[in-house]
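Subject: Handover of a structure and the findings on it

Dear colleague,

Please find the structure below, handed over for your study. My notes on it follow directly after.

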Amino acid sequence: MIHVLPFVTYSVQTTAQLTPHTAENICSPAELARYHSLPDIKQTAWLLGRLAAKEAIQHFHKSSLSRSAIEIFNHATGAPDYRLDTTLEPGRLSLSHTTSIGVAAITDNSRKIGIDVEHVRNWDPKTITSFTTEAERQNLEAVSPTKRNLQATILWSAKEAYLKLLGTGLTRHPRTVEITVSKNTFLVADQYSQQTTKTFWTQYTENCIIAISTT
Amino acid sequence: MKSYEQIYQEVVDLIAAKISTRDIAPHSSVFELATDSIQLFELVMTFEERFKITASYEDMMSVKTVNDVAHLIHRKTQLAPVRI
């Protein structure tokens, strides 16, 4: 399903959209080889990410390109990109997946972009301490225990979306970025840069958070 | 001081405990073994805690295989100051 924000288009795909032939129908030969090389438990998540990316790309280019003619690949840094069998100029792509949801966001190539999707989980307090700043922990303490897992997931997802925008992903420690969550947006304070970002987060389902960051 | 082989086996045991799999080979991708980014992050935290190599987060997140992780930890523990 396609969603359009003022600054970005994003697609969300769930396992309900998959059929036994989805991989053969949407993948290029190189992608299909990659799909079959993955462990079984990784294949569905990977495919959901590709499906979301291809829907977002089709919508972005307002194109009737077949999905198998769009080839998504990863740079050495892990950042996703795509090739088209046309002269259309690719946009900037980011994608993310869990075991049951794939998401992808696209914008024009003058911008940077990062998207993340996470299931709300029962967080280990040690993990929260490891990835949050002191101010973030204080904000979490102020939230009722029943909402703390949700709030921690929003924080993580916001950080990961922003770090993807930078191109570092988690090779940069998430604690080097401080997030202040507001209603459907978040503010990023980066220890190392003054990057201005437009941000968005949504509780897509009761147990699923999507966060997007773009320049 | 632990040998490379000891560290490799401990790394495999830690991954197996965290990810509930025994299907781990030296060239297995750590990123592909982990279910998601949070599990990967927790795994790196576990390595740091077990091997006391707190300054190596960025290095640890840059390696690819189980073998690479064990080599990195081995190298870091060799460089660590001896506590007396």
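Not counting residues up to four places away in sequence, S28(A) touches K54(A), S68(A) and E71(A). Please note that the model is a predicted one. With E71(A) there is also a polar contact, made side chain to side chain at 2.9 Å. S28(A) itself is located in the loop that runs between α1 (22-26) and α2 (29-37) of chain A.

Is S28(A) buried or exposed? Its relative accessible area is 3%, and because buried means under 20% relative accessible area, S28(A) is classed as buried. For a sense of distance, S28(A) and P90(A) are separated by 62 residues in sequence, and their C-alpha atoms are 17 Å apart in space.

S11(A) belongs to strand β2 (residues 9-14) of chain A. Its relative accessibility is 0%, which means that S11(A) counts as buried. Which residues are in contact with S11(A), leaving aside its neighbours within four places in sequence? They are M1(A), I2(A), A52(A), E55(A), A56(A), G102(A), V103(A) and A104(A).

I turn now to the place where the two chains meet. On the side of chain B, 16 residues are in contact with 21 residues of chain A. The area buried between chain B and chain A is about 1,500 Å², and carbon and sulfur atoms give 56% of that area. Three residues, E32(B), I38(B) and F41(B), supply 40% of the area that chain B buries against chain A, which is more than any other three residues supply.

How many salt bridges are there between chain B and chain A? The count is 3. R121(A) forms a salt bridge with D36(B), and the closest N and O atoms of this pair are 2.6 Å apart. Between chain B and chain A there are also 8 residue pairs in polar contact, counted where both residues have pLDDT 80 or more.

Three helices of chain B, namely α2 (30-33), α3 (37-51) and α4 (57-62), each supply at least two residues of the side that touches chain A. The largest share, 6 residues, comes from α3(B). By class, this side of chain B has 7 nonpolar, 3 polar and 6 charged residues.

The last topic is the aromatic rings. Over all chains, the count comes to 7 aromatic pairs. The rings of W123(A) and F131(A) have centres 5.2 Å apart and planes at 45 degrees, so this pair is tilted. Both W123(A) and F131(A) are buried.

W156(A) and F41(B) form an edge-to-face pair, with 5.2 Å from centre to centre and 65 degrees between the planes. Why does this pair join two chains? W156(A) lies in helix α6 (residues 145-166) of chain A, whereas F41(B) lies in helix α3 of chain B, so the pair has one partner in each chain. W156(A) and F41(B) are both buried. Ring pairs link W123(A), F131(A), W156(A) and F41(B) into a cluster.

With kind regards

Notes
Residues are numbered from 1 along each chain as its sequence is written. Chains are lettered from A and ligands numbered from 1 in the order in which they are written. This is a predicted model: local features need pLDDT of at least 70, side-chain atom pairs count only at pLDDT 80 or more; totals for chains, interfaces and linings use all residues. Side-chain values use heavy atoms; hydrogens and water are left out. Helices (H or I, at least four residues) and strands (E, at least two) are DSSP runs, numbered from the N terminus. Buried means under 20% relative accessible area, exposed over 50%, partly exposed in between (1.4 Å probe, protein chains only). Contact means heavy atoms within 4.5 Å. Buried area is the accessible area (1.4 Å probe) that two parts lose on being put together, summed over both. A salt bridge is a side-chain nitrogen of Lys or Arg within 4 Å of a carboxyl oxygen of Asp or Glu. A polar contact is a pair of N or O atoms within 3.5 Å; within protein, one must be able to donate a hydrogen and the other to accept it, and residues adjacent in sequence count only if both atoms are side-chain atoms. Ala, Val, Leu, Ile, Met, Phe, Trp, Tyr, Cys and Pro count as nonpolar, Asp, Glu, Lys and Arg as charged, and the others, Gly among them, as polar. Rings of Phe, Tyr and Trp (its six-membered ring) pair if their centres lie within 6.5 Å; planes under 30 degrees apart count as stacked, over 60 as edge-to-face and the rest as tilted.
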